[in-house]
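Here is a walk through a structure, one region at a time. Keep the 3D view open and follow along.

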Amino acid sequence: MDHSKNKKKPGFDLPNDYFEQLETNIELAEMEAILPETTGFSIPSDYFEKFEDVLLNTIHENSTESKVIPLHRKTWFQLTIGIAACLLIGLFILNPSNPSASTSFEELDIAAYEVADYFENNTTINTDDVADLLTDEEIEEITLENDILSTVNVEDYLLDNLDDTSLLIE
Amino acid sequence: MTGEKQLIASLQSNDSKEQAFRTLVSEYKERLYWHIRRIVISHDDADDVLQNTFIKIFRSIDKFKGDSKLYTWMYRIATNESITFINKKAKRQLVSTEEIQKAAINSLTSDVYFEGNEAQLKLQKAIQQLPDRQQLIFKMKYFDDLTYEELSEILETSVGGLKSSYHIAVKKITAYIKNETI
C-alpha cells in the first residue's frame, strides 16, 4: 500500500512570511520580556465616572455661546463702527485745528494699527463696504496730503524698523 | 444592521445623537484616554485632550462616511489632537517638542498620578529618546496592543514600514535600559 498518497495536508494554513519573520519575532519577544508591561500612570479615583457629564456640559456650553446673531443687526452695527473708524482716521490725518502740523509716524501707527486690527479680526466688512456708504465729496476729504509725513520721520521709522540696513540706498 | 452601523446611524440623527454619543463615550473613553495619556504623559493634559477629542468627534460625526472602522477614526483624531496639543505647548513656551516631552518625563517623580517604579520611569525615558514617529508606533503597538494592520489604518503607513519601525524602537529601548542599568 502506498501510504504517500494518503499523506494529506493537515488543513492548517500560515501567514505568507511566517518563517521569514520567525527569527525577528523571537528576537522581539526576548527584548520585550525585559520591559515593564505597564506605564505606572494612575488617575483620580472617580475620573471616568464623572467624565461624560463634564464633557456634555462643555459641549452644551460651547453650543450656547455660539448663538446666531441676526445678519441685518450685525451688518448695521459693523457698518456704524466702520464709518466711525474712517472718520477717526480722517481726523488724525487732516488735523483741522492745525492744518500745517505734521503727523508723526508714532501717532499714525497707533491709530492705523488699531483700526487695521479691528478690520482684520473683528469684522467681515472691507473698505469697499465702507466706501459704498460715503459720498464722493466725503471720500475726497479723506486723502493723504503729500507733506504730512516729514522726511525726518520717514528716515527715523526706517532706521528703527529695518533689520538689514544695507537695503537702504545711500 | 451591525451594532457599529446602528450606532453611527443614531449618532448622525438629530433625535438620537446625544444618547448615542453618551453610549459612544461610555464605550471608548478609557481606551482613548490611556492612548492619549501615553503621549502627553500628564493626567491634566490627557483630560484636556480627551475632551477636545470627543468634542471634535461630536462635531464631525455627521461627516463620517464609514470608510474605516469607527474606533480607527476616533483613534486617529485622538492621536492628532495629542500631537497638536504638544506642538501648541511647545510654541507657547518657545521650546521644542522634545523639551516639552523631556520636562513631562522629568516631572513624573513628583506627579501624584504616577505610581510607577524605577523600571517604568526608565522605560519612559528610553521611549523619549526615540524620534517622534517611532515613539508613537512603539506606544501604540506595545501598550495599546494594536495589530500592525490597525496601526497601518490609523497612521496611514505600510505594515512593512511599521514592523521595521517597531523593531528598531524596541532595540533602541532595550539598549538604553541595559546601558542605564550597568
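**From a loop to the interface**

Start at B:Leu94, which counts as exposed because its relative accessibility is 78%. The cut-off for exposed is over 50%. Bear in mind that this is a predicted model. B:Leu94 sits in the loop between α4 and α5 (97-106) of chain B. Its backbone deserves a look too. B:Leu94 is not a glycine, yet its phi is positive, at about 55 degrees.

Now go to another loop, the one between α2 (17-40) and α3 of chain B, where you will find B:Ile41. Here too the residue is not a glycine and phi is positive, near 75 degrees. Is B:Ile41 buried or exposed? Its relative accessible area is 5%, so B:Ile41 is buried. The cut-off for buried is under 20%.

A further positive phi comes just after α8(B). There B:Glu156 takes a value of about 55 degrees. An α-helix has 3.6 residues a turn, so residues three or four places apart point the same way.

Next, the charged pairs. Side chains of opposite charge can pair when their charged atoms come close. How many salt bridges does a search of the whole structure find? Over all chains, the count is 9.

Take B:Asp45 and B:Lys89 as one of them. Their closest N and O atoms are 2.8 Å apart, and the two residues form a salt bridge. This pair links distant parts of the chain. B:Asp45 belongs to helix α3 of chain B, and B:Lys89 to helix α4 (residues 70-93) of chain B, 44 residues apart. B:Asp45 counts as buried because its relative accessibility is 13%.

A salt bridge also joins the side chains of B:Lys56 and B:Glu81, at 2.9 Å from N to O. Why does this pair tie together parts that are 25 residues apart in sequence? Because B:Lys56 lies in helix α3 of chain B and B:Glu81 in helix α4 of chain B. Check the accessibility of each partner. B:Lys56 is partly exposed, because its relative accessibility is 41%. B:Glu81 has a relative accessible area of 14%, so B:Glu81 is buried.

Now look across the two chains. The contact takes 30 residues from chain A and 43 residues from chain B. About 3400 Å² is buried between chain A and chain B, and carbon and sulfur atoms give 68% of that area. Polar groups meet here as well. The interface has 16 residue pairs in polar contact, both residues at pLDDT 80 or more. Which helices of chain A supply at least two residues each to the side that touches chain B? They are α1 and α2 (47-65) of chain A. The largest share of that side comes from α2(A), with 12 residues.

B:Gln51 gives a close-up of the contact. It lies in helix α3 (residues 43-60) of chain B. B:Gln51 is then in contact with A:Phe51, A:Val54, A:Leu55 and A:Thr58. With a relative accessibility of 12%, B:Gln51 counts as buried.

Salt bridges cross the interface of chain A and chain B too, and there are 3 of them. In one of them, the side chains of A:Glu27 and B:Lys171 meet at 3.9 Å, N to O. A:Glu27 lies in helix α1 of chain A and B:Lys171 in helix α9 (residues 159-181) of chain B, so this pair joins two chains. A:Glu27 is partly exposed, because its relative accessible area is 31%. B:Lys171 is also partly exposed, at 44% relative accessibility.

A:Leu14, A:Tyr18, A:Phe19, A:Leu22 and A:Ile26 make a nonpolar surface patch of about 470 Å². One of them, A:Tyr18, lies in helix α1 (residues 18-32) of chain A. A:Tyr18 counts as partly exposed because its relative accessibility is 32%. Patch residues must have over 30% relative accessible area.

Note on methods. Residues are numbered from 1 along each chain as its sequence is written. Chains are lettered from A and ligands numbered from 1 in the order in which they are written. This is a predicted model: local features need pLDDT of at least 70, side-chain atom pairs count only at pLDDT 80 or more; totals for chains, interfaces and linings use all residues. Side-chain values use heavy atoms; hydrogens and water are left out. Patches are made of residues with over 30% relative accessible area and no salt bridge: like charges are joined within 9 Å, nonpolar side chains (Val, Leu, Ile, Met, Phe, Trp, Tyr) within 5 Å. Accessible areas come from the Shrake-Rupley method with a 1.4 Å probe; for residues, only the protein chains shown count as cover. A salt bridge is a side-chain nitrogen of Lys or Arg within 4 Å of a carboxyl oxygen of Asp or Glu. Helices (H or I, at least four residues) and strands (E, at least two) are DSSP runs, numbered from the N terminus. Buried means under 20% relative accessible area, exposed over 50%, partly exposed in between (1.4 Å probe, protein chains only). Contact means heavy atoms within 4.5 Å. Buried area is the accessible area (1.4 Å probe) that two parts lose on being put together, summed over both. A polar contact is a pair of N or O atoms within 3.5 Å; within protein, one must be able to donate a hydrogen and the other to accept it, and residues adjacent in sequence count only if both atoms are side-chain atoms.
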